[in-house]
Amino acid sequence: MADPRGFLKVRERELPPNRPVEVRLRDWRDVHEHLVEGQPFLKEQAGRCMDCGIPFCHQGCPLGNLIPEWNDLVWRDQWAEASERLHETNNFPEFTGRVCPAPCESSCVLGINQPAVTIKNVEVSIIDEAFARGLVTPQVPQRLTGSTVAVVGSGPAGLAAAQQLTRAGHTVVVYERDAAIGGLLRFGIPDFKLEKLHIDRRLAQMEAEGTRFRPGVEIGVDITWDELRRRFDAVVLATGATVPRALQVPGNDLPGVHFAMEFLHQANTVVAGGVVEDQILATGKNVIVIGGGDTGSDCLGTSLRQGAASVTTLAIGKKPPLERSATQPWPTDPILFEVSSSHEEGGERAYLASTVDFLAGEDGRVRALRVAETEYLPDGRRVPKAGTEKEIPADLVLVAMGFTGPETQTLSEQSEIGLTARGLVARGDDFATTVPGVFVAGDAGRGQSLIVWAIAEGRAAAASADAYLQGRTELPAPVRASTVSLRA
């Protein structure tokens with residue numbers, strides 16, 4: 001198919017042979033088969049979408065995606081119109097269609113008494129077909145306002161804010177401390193879930209629209225926060241919640257015990273062709289992943305590809321149910337037992353497993369975990385049950401227990417931007433911080449959340465920044481800072 005702008009061009013390459021582990025690039029390619037035009041299942045799913053009196057999928061999606069409309073257009077084979085409708089509310093459907101947990105599907109009206117429409121499958125098929133047909137083109141602003149905006153952080157919130165503000169006519173510069181743009185989309189999510197060509201071709205579109213990118217620049221170190229505010233007419237903070245939640249048990253500082261994101265960042269860097277000295281590797285090791293969420297699943301899939309001897313995932317809580325519980329009725333987004341592609345590939349999963357401590361071997365490195373059965377106390381606390389302790393061999397431990405909030409040391413030292421009691425960047429309902437002209441979007445102000453919330457907040461913060469600069473705005477604001485999730 002035609003690809004005049006080169007958005008689809010991907011270099012066929014393999015890693016140089018001098019890596020610690022021989023890894024072929026194809027081993028990291030997307031494991032999912034995405035549906036394209038002409039496949040009966042895709043049209044069938046699009047056709048299952050009903051003409052609901054109230055389409056609750058709109059409410060389940062923070063972006064307010066017009067799901068019934070683009071489902072109907074796919075069913076009618078009107079792909080260009082479906083792409084336009086999809087982009088009306090979502091800057092990056094290629095990201096949400098691959099790595100969003102799809103709260104919209106939990107809200108599908110069909111889900112009351114039968115399987116919901118597979119909305120993600122239709123969404124990702126629309127955007128893949130749109131790129132393949134050359135329908136995704138730069139939306140260059142018709143006029144420039146003369147105002148400048150700095151966006152700090154290049155994850156989904158920062159990129160969404162940057163694209164919206166650029167299209168409104170502002171001169172936007174995105175700062176990223178990592179060596180490449182993309183944030184956790186690039187360095188935190190493995191290629192087998194999100195190949196980086198999807199990021200690169202969207203960045204090519206944004207550059208053609210006028211957005212400027214400055215990777216390898218850390219605000220607070222290379223440029224102070226106050227200096228940044230003086231340089232630009234407005235600033236959007238989108239640094240994410242990158243402080244990992246530690247496991248406070250004896251031995252957590254032993255060699256061989258690492259936070260999950262350190263492990264994933266290095267692995268993604270190497271897969272992209274970079275070099276990491278003393279890379280954390282799972283090769284030939286008994287790997288324990290502490291945490292049963294998406295990050296833990298990513299650690300599992302990465303460890304298997306690196307040739308781990310075994311991988312065991314430990315979750316402190318109970319095994320989630322297969323179906324909705326009475327406490328999480330439709331249309332809320334329930335917590336259910338899920339099997340990711342990584343789980344299908346191998347590894348073991350254990351629930352009600354509380355880590356008591358880490359044990360060191362003769363070489364001083366971690367050799368085992370002592371775990372106990374989790375006991376629930378009347379006040380809701382979860383503690384190790386006495387007398388149930390046992391040892392699990394471990395050569396590498398990856399702590400994937402989520403994140404507590406953003407890194408704020410330099411922000412607090414170099415600016416008057418306020419923080420909340422939770423350590424998040426304080427903001428009003430319009431995403432404005434305590435410093436005029438500075439706004440915050442995504443996990444830095446919300447706390448750890450979903451990619452779809454990050455994009456929604458990036459769009460909404462952009463609208464507020466645009467109104468601050470021009471006195472009014474026509475940019476959409478799908479959420480407010482106080483909007484809450486439907487997840488019970």
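Which residue in β9 does T312 stand opposite? The answer is in the first of the close-up views below, which show parts of a predicted model.

**View 1. Strands β8 and β9 run parallel.**
T312 stands opposite E348 in β9. Strand β8 covers residues 310–314, and three bridges join β8 to β9. Strand β9 (348–350) is an edge strand, as is β6 (257–259), and each of these two pairs on one side only.

**View 2. Strands β8 and β9 belong to an open sheet of five strands.**
The order of the strands is β6-β14-β7-β8-β9, and the pairing is parallel. From one strand to the next, the twist averages 20°. Helix α12, made of residues 260–271, packs on this sheet. Helix α12 touches β6 and β14 (396–399), and the direction of the helix makes about 75° with that of β6.

**View 3. Another open sheet of five strands has the order β3-β2-β1-β4-β16.**
Here too the pairing is parallel. The edge strands are β3, at residues 212–215, and β16, at residues 438–440; each pairs on one side only. The twist averages 20° from one strand to the next.

**View 4. Strand β16 pairs with β4, and helix α17 packs on the sheet.**
Strand β4 consists of residues 234–237; three bridges join β4 to β16, and the two run parallel. V235 stands opposite V438 in β16. Helix α17 (residues 451–470) touches β1 (148–152), β4 and β16. The direction of α17 makes about 170° with that of β16.

**View 5. Helix α10 has 13 residues, numbered 197–209.**
From its first C-alpha to its last, α10 reaches 18 Å, close to the 18 Å expected at 1.5 Å a residue. The buried residues of α10 are L197, H198, I199, R201, R202, L203, Q205, M206 and E209. These buried residues pack against several helices, among them α4 (79–87), α5 (93–99) and α7 (119–132). They also pack against strand β3. Just after α10 comes G210, which takes a positive phi of about 125°.

**View 6. The side chain of R201 meets the ring of F131.**
R201, one of the buried residues of α10, lies over the face of F131. The distance from the ring centre is 3.9 Å. A second case involves R446, which lies over the face of W453 at 3.7 Å from the ring centre.

**View 7. The rings of F92 and F95 form a tilted pair.**
A pair of aromatic rings is described by the distance of the centres and the angle of the planes. The count of aromatic pairs comes to six. For F92 and F95, the ring centres are 5.3 Å apart and the planes stand at 35°, so the pair is tilted. Buried means under 20% relative accessible area. F92 has a relative accessible area of 0% and is therefore buried. F95 also counts as buried, because its relative accessibility is 1%.

**View 8. F439 and Y468 form an edge-to-face aromatic pair.**
The two rings are 5.9 Å centre to centre, with 70° between the planes. The pair links distant parts of the chain: F439 is in strand β16 and Y468 is in helix α17, 29 residues apart. Are the two residues of this pair buried or partly exposed? F439 counts as buried, because its relative accessibility is 4%. Y468 has 41% relative accessibility, so Y468 counts as partly exposed.

**View 9. A cis peptide bond joins W330 and P331.**
The omega angle of this bond is about 10°. P331 is found in the loop between β8 and α14, where α14 covers residues 341–345.

**View 10. A102 has a positive phi although it is not a glycine.**
The phi of A102 is about 60°. A102 is found in the loop between α5 and α6 (103–106). With a relative accessibility of 4%, A102 counts as buried.

**View 11. F431 also has a positive phi in a residue other than glycine.**
What is the phi of F431 near? The value is near 75°. F431 has its place in the loop between α15 (409–414) and β16. F431 counts as buried, because its relative accessibility is 1%.

Definitions and conventions: Residues are numbered from 1 along each chain as its sequence is written. This is a predicted model: local features need pLDDT of at least 70, side-chain atom pairs count only at pLDDT 80 or more; totals for chains, interfaces and linings use all residues. Side-chain values use heavy atoms; hydrogens and water are left out. Two strands pair if DSSP finds at least two bridges between them. Helices (H or I, at least four residues) and strands (E, at least two) are DSSP runs, numbered from the N terminus. Axes are lines fitted to C-alpha atoms, for helices over the stretch in contact, and angles run from 0 to 180 degrees between N-to-C directions. Contact means heavy atoms within 4.5 Å. The expected span of a helix is 1.5 Å times one less than its number of residues. Buried means under 20% relative accessible area, exposed over 50%, partly exposed in between (1.4 Å probe, protein chains only). Rings of Phe, Tyr and Trp (its six-membered ring) pair if their centres lie within 6.5 Å; planes under 30 degrees apart count as stacked, over 60 as edge-to-face and the rest as tilted. A charge sits over a ring if NZ of Lys or CZ of Arg is within 6 Å of the ring centre and within 35 degrees of the ring normal.
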